[in-house]
Structures are given as C-alpha cells and as structure tokens.
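Please examine the structure shown below, together with its sequence. The paragraphs that follow lead from the chain as a whole to a few of its aromatic residues.

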Amino acid sequence: MLEIKPIQSKEEQEAACARCGIPYKADMMAYSAKDNDNFIGVAQFTMEKGAGYINNITLIEGLDDFEALFLMGRAMLNFIDLCGIHQAYCADDAAEPRILTAIGFRRNEENRLFADMTHMFGGCGEKHSS
C-alpha cells in the first residue's frame, strides 16, 4: 500500500534525501513515500513570501512510480493550501514535466511553474473554477 506522510525529523529528511541522491535542504519541510512500508521517495518544499515553493519530488534511483510522485506533489500542495497559502511555485527540475503538469503546475506569464490552489482542494460542495 502506498503511503505519503510528512517527515517528522531533520535526520530522517537528510537520510531520505541521501537515499534519493538529492541535496538535503534543512530549511525545507518534506514528505516521504513508502510502498508496503518500504521507503521509495522524498519531496521537499517551503513556504515564504505568501507562496509555497516545491523544490523536488523524487524517487530512489531505478524506480518509476507516477502515482507516488503525483501523490507527494498533491500532498505538499494540500498542506500549503491548508496553511492559508493558495499559490505555489515549482523548480523547473523538481520532477518530470508530466508529473508537474498532472499535479497542477502551469507556466505563468513570467515563465515560472505556478499553481493556483484556490478551490483546488474544496469539499464535495465546491467545484474548481477555471
């Protein structure tokens, strides 16, 4: 079973980043992905200046799991949205373009990857407005 959870300690975050071969960012928060209790990926993000910022969404080398990458990305956006921040930016190399597009990122007028989360995570009675 796939499980996406916030990483609770900086030591765990650093180890997860090392396992995925990405730089550890101590000033960022992170989510991990596990499949049947086996670690498979990590994602790092932060919130500053009224927006979220996704730094990376990655799996351990050799894995290709679209669902895990997508769910880590959406989990980060949902957390940012729950904190009252409804805009997020993403590093160009955070993940493959197909993943970033599926999560909800589009190029804005400044050519930055941007997601407007207004109504993205609404309840049953709310619909996305486009």
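The accessible surface of the protein chain amounts to about 7,500 Å², and 49% of this area belongs to carbon and sulfur atoms. The model under discussion is a predicted one. Of the 130 residues of the protein chain, 42% count as buried.

The overall dimensions may be considered next. Taken along the principal axes, the C-alpha atoms of the protein chain fill a box of roughly 40 × 30 × 25 Å. A compact globule of 130 residues would have a radius of gyration near 14 Å, and the value for the protein chain, 14 Å, agrees with this. Among contacts between residues at least 6 apart in sequence, 52% join residues at least 24 apart.

The protein chain contains 3 helices and 7 strands. Read from the N terminus, these elements follow the order β-α-β-β-β-α-β-α-β-β.

Phe 70 is placed in helix 2, which covers residues 66-82. Between Phe 70 and Val 42, the C-alpha to C-alpha distance is 12 Å, and the two are 28 residues apart in sequence.

How many aromatic pairs does a search of the whole structure find? The search finds 4. In one of them, the ring centres of Phe 66 and Phe 70 are 6.3 Å apart and the ring planes meet at 5 degrees, so this pair is stacked. Both residues lie in helix 2, and their separation of 4 residues is about one turn of the helix. Phe 66 is partly exposed, with a relative accessible area of 35%.

Tyr 89 and Phe 114 also form an aromatic pair, which is tilted, with 5.1 Å from centre to centre and 55 degrees between the planes. Tyr 89 belongs to strand 5 (residues 87-90) and Phe 114 to strand 7 (residues 113-116), so the pair ties together parts that are 25 residues apart in sequence. Both Tyr 89 and Phe 114 are buried. Finally, Tyr 31, Phe 45 and Phe 79 form one aromatic cluster.

Terms used: Residues numbered from 1 in each chain as written. Predicted model: local features only at pLDDT ≥ 70, side-chain atom pairs only at ≥ 80, totals over all residues. Heavy atoms only, no water. Helix = DSSP H or I, 4+ residues; strand = E, 2+ residues; numbered from the N terminus. Rg over C-alpha atoms; globule rule 2.2 N^0.38 Å. Buried < 20%, exposed > 50% of the residue type's maximum accessible area, 1.4 Å probe, protein only. Contact = heavy atoms within 4.5 Å. Areas by Shrake-Rupley, 256 points an atom, 1.4 Å probe, with all protein chains shown as cover. Phe/Tyr/Trp six-rings, centres within 6.5 Å; stacked < 30°, edge-to-face > 60°.
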